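Subject: Structure handover

Hello,

Here is the structure for your files. My notes follow below it.

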Amino acid sequence: MSGERYLRRFSRTERALHWVHASAFFVLLASGLVLYLPSLSEAVSRRPLVKGVHVYTAVAWAAALGLVAALGDRRELRRTMRELEWFDADDRRWLTGRRAPQGRFNAGQKLNAAITAALALLFAVSGGLLWYGERNTQYRFASTILVHDWLMYLSLALLVGHLYLAVLHPATRHALRGMTLGSVREEWAREHHPKWVEELDHSLLGRPPGRAEKASDAISRSSR
Amino acid sequence: MKSDLRPYGRRAFLGIVAGGVAALVWGRPLQRVTARLSPVSAFFVTGGWRIYTVAATMPRFDQDRWRLRIDGLVEHPQELTYRELLKLPQATQVSTFHCVTGWTVQNVHWQGVRFADLLAAAKPLPSAKALTFVSAEEPYADSLTLEQALLPDVMLAHSMDGRPLTRPHGAPARVVIPEMYGYKNVKWVGRIELTAAPADGYWEVRGYDRDAYVGHSNGH
């Protein structure tokens, strides 16, 4: 079959959530490092301003995520969440390093999503405590700032791996197109996410995978 | 089909969140262990310090123009140059620096002048009971009682870890009072005013304790 057919992998809601999170993360990382590293603190100096940028970016981040989720396709988001939560036998095989056919998300992507969401929630909790603890001593804990630091190190490590796979690694970097334009090459999807392509064929035609080609055609026309 | 599904994603999420929330309690003790075991720690990136400032720019130290004024309730108001400060009797100490936000730097080597020596020429009047340290970083200021300032490990430091104080650490002179949290350790000190009673400093106006004893104030 030709490599020019495309399947829609991510909805606009999903992509909006991803890019809101990604852009806020970079602003928060940059402003946070200025607050954290003495050399940068000295070079930039304007701590009250940088602190304001950091805190209000965090508020805007949470508000924007909530807004996208509220106004976007919530049914689809719930379905995506279920997809990310559940690991089948193939996913578990994949995690042990063996080859196994994967769905729309492979097991690594599912884990990445779960970890990212957990780190984001913890960032918000520890950051909120740091902010509020400055005003009310009852909410000041000795470890809050250390937790916030560790989250930074963990998420930075996760980000480096994520960027490598999304931008550099030849086998996987085509996935970036799915997160920018929404669709990916069918041929690539069949290789990396065969169970997902099968599912699409099923759901669109209500027929077994043997009749897949036409379903893919329909999808590619609608989403390119 | 359904039976072979496992909620690993949800478990990973909940597990990490639970671990992170628990770390608010055990994070500090754990760090004491990891700091000893592993060189890959925040300590080696930042030296353990964070630079907190309240103004738009950090004061810049000009050795020729800098003066330390000592005035208020004293017999002989003073204006010391940097060189004169270095000629006063010198003291050294190794102490731990605690920030009220939860970070700590151990074994900091300080060199400076004890307040008894610093105030000797100015001769505080009997009515002088406190010192207000006015920072070149406006509007930062804070105060100590005379009694607190005369504790044996309290000084106006001009060197840290064998080198003159750097700009982020308050060059050329800062207060060091290891008994209290960092916000009492005023950086960029340019003026010391002796007063009849301690006044609320920058953070105290914002709800922090005036007597900021480590472990016994500000909710800790």
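Which residue is the bridge partner of G112(B) in strand 7 of chain B? It is A157(B). Please keep in mind that this is a predicted model.

The rest of that sheet region in chain B is as follows. Strand 4 (residues 104–114) of chain B and strand 7 (residues 155–160) of chain B run antiparallel and are joined by five bridges. Strand 4 of chain B also pairs with strand 3 (residues 91–98) of chain B, again in the antiparallel sense, over seven bridges. In that pairing V94(B) stands opposite H109(B) of strand 4. The hairpin of strands 3 and 4 of chain B has five residues between the strands, and G102(B) takes a positive phi near 120° there.

With 25 residues at 1.5 Å a residue, helix 1 of chain A should span 36 Å, and its end C-alpha atoms are 35 Å apart, so the two values agree. Its buried residues are F25(A), L28(A), S31(A), G32(A) and V34(A). The buried residues of helix 1 of chain A pack against helix 2 (38–44), helix 3 (47–71) and helix 7 (144–168) of chain A.

Between the chains, 41 residues of chain B are in contact with 36 residues of chain A. Helix 1 (8–37) and helix 2 (42–46) of chain B each supply at least two residues of the side of chain B that touches chain A. Helix 1 of chain B gives the most, with 15 residues. By type, the residues on that side of chain B are 21 nonpolar, 14 polar and six charged.

Regards

Definitions and conventions:
Residues are numbered from 1 along each chain as its sequence is written. Chains are lettered from A and ligands numbered from 1 in the order in which they are written. This is a predicted model: local features need pLDDT of at least 70, side-chain atom pairs count only at pLDDT 80 or more; totals for chains, interfaces and linings use all residues. Helices (H or I, at least four residues) and strands (E, at least two) are DSSP runs, numbered from the N terminus. The expected span of a helix is 1.5 Å times one less than its number of residues. A residue is buried if 20 or more other C-beta atoms lie within 10 Å of its own, exposed if 12 or fewer, and partly exposed in between; C-beta atoms are placed from the backbone. Two residues are in contact if their C-beta atoms, placed from the backbone, lie within 7 Å. Ala, Val, Leu, Ile, Met, Phe, Trp, Tyr, Cys and Pro count as nonpolar, Asp, Glu, Lys and Arg as charged, and the others, Gly among them, as polar. Two strands pair if DSSP finds at least two bridges between them.
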